[in-house]
Amino acid sequence: ETMTILSCGILRNANKLPLTSLQLSFNSIGCDGCEALTNALTRLTSFRELRIDNNHLNDRGAQAVATAISSKQLHVVDVGFNPITTSGVKILMNAVAESDCLASLSISGIPLDSAAAK
């Protein structure tokens, strides 16, 4: 519910909101909150940094973040310490490969195996 309120506020004020960075670590936003948030943030032309580590995001959340990476001029993204699997890491890596401006992606605390590197 909190992410829905935040997302609606961002959407309502997208034309005049100069937000460039959002730090929401340890807020238990989950995948529904992540999807609502990333959908809203894609409307902000000035937005560059998203830190949503430790938020119970799984592969569905990774997909929402990957979509934001692909559709925005994000420079920094932190999704560390979320229960993202190899499939989610691959989704994120595909978005990274397509991005022209992402300078930093933190996936700290997410187990990687050889399949994630392919």
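Here is a friendly chat about the structure shown above.

User: Hi! I'm new to this one. What kind of model is it?

Analyst: Welcome! This is a predicted model.

User: Okay, let's begin with the strands. How many strands form the sheet, and in what order?

Analyst: There are 4 strands in an open sheet, and the order is β1-β2-β3-β4. The pairing is parallel.

User: Which strands stand at the edges?

Analyst: Those are β1, residues 21-23, and β4, residues 104-106. Each has a single partner strand, so one side of each is left without a neighbour in the sheet.

User: And how are neighbouring strands turned against each other?

Analyst: On average by 5°, with direction ignored.

User: Can we zoom in on one pair? How many bridges join β3 and β4?

Analyst: Strand β3, residues 76-78, pairs with β4 over 3 bridges, in the parallel sense. If you want a spot to look at, take Val77: its bridge partner in β4 is Leu105.

User: New topic: the nonpolar core. How many residues does the largest one have?

Analyst: The largest nonpolar core has 31 residues. Those with the most contacts inside it are Leu37, Leu41, Ile52, Val65, Ile69, Val79 and Leu92.

User: Which elements give two or more residues to this core?

Analyst: Four helices do: α1 (2-12), α2 (30-41), α3 (59-71) and α4 (86-98). The largest share, 6 residues, comes from α3. As general background, nonpolar side chains tend to be buried together in soluble globular proteins.

User: Leu41 was on your list. What is Leu41 in contact with?

Analyst: Leaving aside neighbours within four places in sequence, Leu41 is in contact with Ile10, Leu19, Leu22, Phe47, Leu50 and Lys72.

User: Now some charges, please. How many salt bridges does the structure hold?

Analyst: It holds 4 salt bridges. One of them joins the side chains of Arg60 and Asp32, at 2.1 Å from N to O. Arg60 is in helix α3 and Asp32 in helix α2, so this pair links distant parts of the chain, 28 residues apart.

User: Are those two buried or exposed?

Analyst: Arg60 is partly exposed, with a relative accessible area of 39%, while Asp32 counts as exposed at 56%.

User: Which residues are linked with Arg60 in a network?

Analyst: Asp32, Glu35 and Arg60 are linked in a network of salt bridges. The side chains of Glu35 and Arg60 meet at 2.9 Å, N to O.

User: What does Arg51 form a salt bridge with?

Analyst: With Asp78, the closest N and O atoms being 3.8 Å apart. Arg51 lies in strand β2 (residues 49-51) and Asp78 in strand β3, so the pair ties together parts that are 27 residues apart in sequence. Arg51 is partly exposed at 26% relative accessibility, whereas Asp78 is buried, with a relative accessible area of 11%.

User: Let's move to Ser25. Where does Ser25 lie?

Analyst: Ser25 lies in the loop between β1 and α2. Its relative accessibility is 15%, under the 20% cut-off, so Ser25 counts as buried.

User: Which side chains does Ser25 make polar contacts with?

Analyst: Among them are Gln23, with a side-chain contact of 2.3 Å, and Asp53, with a side-chain contact of 2.2 Å. Not counting residues up to four places away in sequence, Ser25 touches Arg51, Asp53 and Asn55.

User: Last one: where is Ser114?

Analyst: Ser114 is in the segment after β4 and is exposed, with a relative accessible area of 57%.

Key:
Residues numbered from 1 in each chain as written. Predicted model: local features only at pLDDT ≥ 70, side-chain atom pairs only at ≥ 80, totals over all residues. Heavy atoms only, no water. Pairing = 2+ DSSP bridges. Axes fitted to C-alpha atoms, helices over the stretch in contact; angles between N-to-C directions. Core = buried A, V, L, I, M, F, W, Y, C linked by side-chain atoms within 4.5 Å. Buried < 20%, exposed > 50% of the residue type's maximum accessible area, 1.4 Å probe, protein only. Contact = heavy atoms within 4.5 Å. Polar contact = N/O pair within 3.5 Å; in protein donor to acceptor, adjacent residues only side chain to side chain.
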